[in-house]
Amino acid sequence: MISYKKYYSIKPEFHQKDHILEKARKALLSPIPHITDAVALQSCGDIHDYYSNGDYWWPNPETSDGLPYIRRDGETNPHNFNEHRILLRRMRTNLVYISAAFQLTREEKFADQGVRILKEFFLDQETCMNPHLSYAQAIPGVCEGRGIGIIDTLHLIDVPFAIEVLHASKYMSEAMYQELKNWFRKYLGWMLTSPNGIAEMNEKNNHSVCFFLQAAVFALFTDNEKIADFCRDQYKQTLLPQMAADGSFPLELARTKPYNYSIFVLDNMVSLCYLLSKPEDNLWEYTLPNSAGIQTGLDFLTPFLLDKTSWPYRRDIMHFDAFPARTSFMVLAGYTLGRQKLIQLYESLPLETADEEARRNIAIRIPWLWMV
């Protein structure tokens, strides 16, 4: 995996070790999730193809069969097919806690289970997920899949870091390591060349940010420096220009959940800076001619995280009380830039959130795995 030397104002180390080990021990006892555990009856693909419905799409009240679905921005339809999302996130979460526990303890039981999870979810012929998202965020009566569905695999950005930890164990052969790289190589290729992938790449809000964050992680994991450079250029040319001079993201503020989306997009922009910054090309310091840069974005949002009552925009239509939650940018930016207030905020927030929307919007489960 391509890596760049990280520079920290404060030395990072694993926090909440007891919590990580408790979660890892529970994960050892949990059934291994597979994409094939849930059959999507409306999918045009097979049991190995990921499927989901668009969040904000509801049956049409003016038609007898409810088709075509209609959009209600910010209002999640609880009856949409969500099982593959849940299975993918459960796999990711169990995997990263188990991998972190192995990193902390070197106990073989953690490595053994972590490698089993990877093998069954990505490689085994009977249970694997195919490396594409052609049927993600489908809309009944409208389309069988959309480019913006690629945001559903944002949680996979944790997986290569877990793989690198487990690669050091006796349970992962070099052949398996290369097979896993090949899965992500194929998925990255699909993202970059498919109509859905190209559409998502060219979105103008948090979707394009999440596309390039995934592409950056998968490119680094598969040693594709050319695509890593492409992601770095796109950060400067298309992603950062989404930010206004004051550090806000107007496209996110215009949504029905402006607080949630402002946190979400900044979180993923910070992850891009963390991943792609090099001594000779430091994205943490890069600014546009209007002075917008990642530190401007942190300056804008941090006061509203520390004192939510000062938020001057409208309340989110749903889940407003769920935020802020522990989010990785508080750690990655806090340690890299020496922003103690962000680190202290992270430590002050609950270890876990019970809110489904908040869990879904936290892309990195254990930021310390990214920092080892």
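Start with Asp223, which forms a salt bridge with Lys181, the closest N and O atoms being 2.7 Å apart. Asp223 lies in the loop between helix 7 and helix 8 (225-239) and Lys181 in helix 5 (residues 174-193), so the pair ties together parts that are 42 residues apart in sequence. By salt bridge I mean a side-chain nitrogen of Lys or Arg within 4 Å of a carboxyl oxygen of Asp or Glu. Helices are DSSP runs (H or I, at least four residues), numbered from the N terminus.

A word on the source: this is a predicted model, where local features need pLDDT of at least 70 and side-chain atom pairs count only at pLDDT 80 or more, while totals for chains, interfaces and linings use all residues. Residues are numbered from 1 along each chain as its sequence is written, and side-chain values use heavy atoms, with hydrogens and water left out.

Back to the pair. Is Lys181 buried or exposed? Lys181 is buried, at 5% relative accessibility. Asp223 is partly exposed, at 41%. The cut-offs: buried is under 20% relative accessible area, exposed over 50%, partly exposed in between (1.4 Å probe, protein chains only).

Next pair. Asp281 bridges to Arg232, with the closest N and O atoms 4.0 Å apart. Asp281 sits in the loop between helix 10 and helix 11, and Arg232 in helix 8, 49 residues apart. Both Asp281 and Arg232 are buried.

Glu280 pairs with Lys278, closest N and O atoms 3.6 Å apart. Here Glu280 is exposed, at 61%, and Lys278 is buried, at 17%.

How many salt bridges does the structure hold? The count is 25. There is also a network: salt bridges link Asp55, Arg85, Asp152, Lys257, Glu357 and Arg360.

Now the spaces. The largest pocket has a volume of about 440 Å³. It has 24 lining residues, and the closest to its centre are Asp55, Gln137, Ile151, His207 and Tyr261. Helix 14 gives the largest share of that lining, three residues. On a 1 Å grid over the protein atoms alone, a pocket is an open set of points with protein on both sides within 12 Å along at least five of seven lines; in a cavity, a 1.4 Å probe fits but cannot get out; lining residues have an atom within 4 Å of a point. Volume is the space filled by probe spheres set on the points, which are joined across faces, edges and corners.

Last, the largest cavity: about 50 Å³. Helix 10 gives the most to its lining, with three residues. Among the lining residues are Phe264 and Phe323.

Conventions: Helix = DSSP H or I, 4+ residues; strand = E, 2+ residues; numbered from the N terminus.
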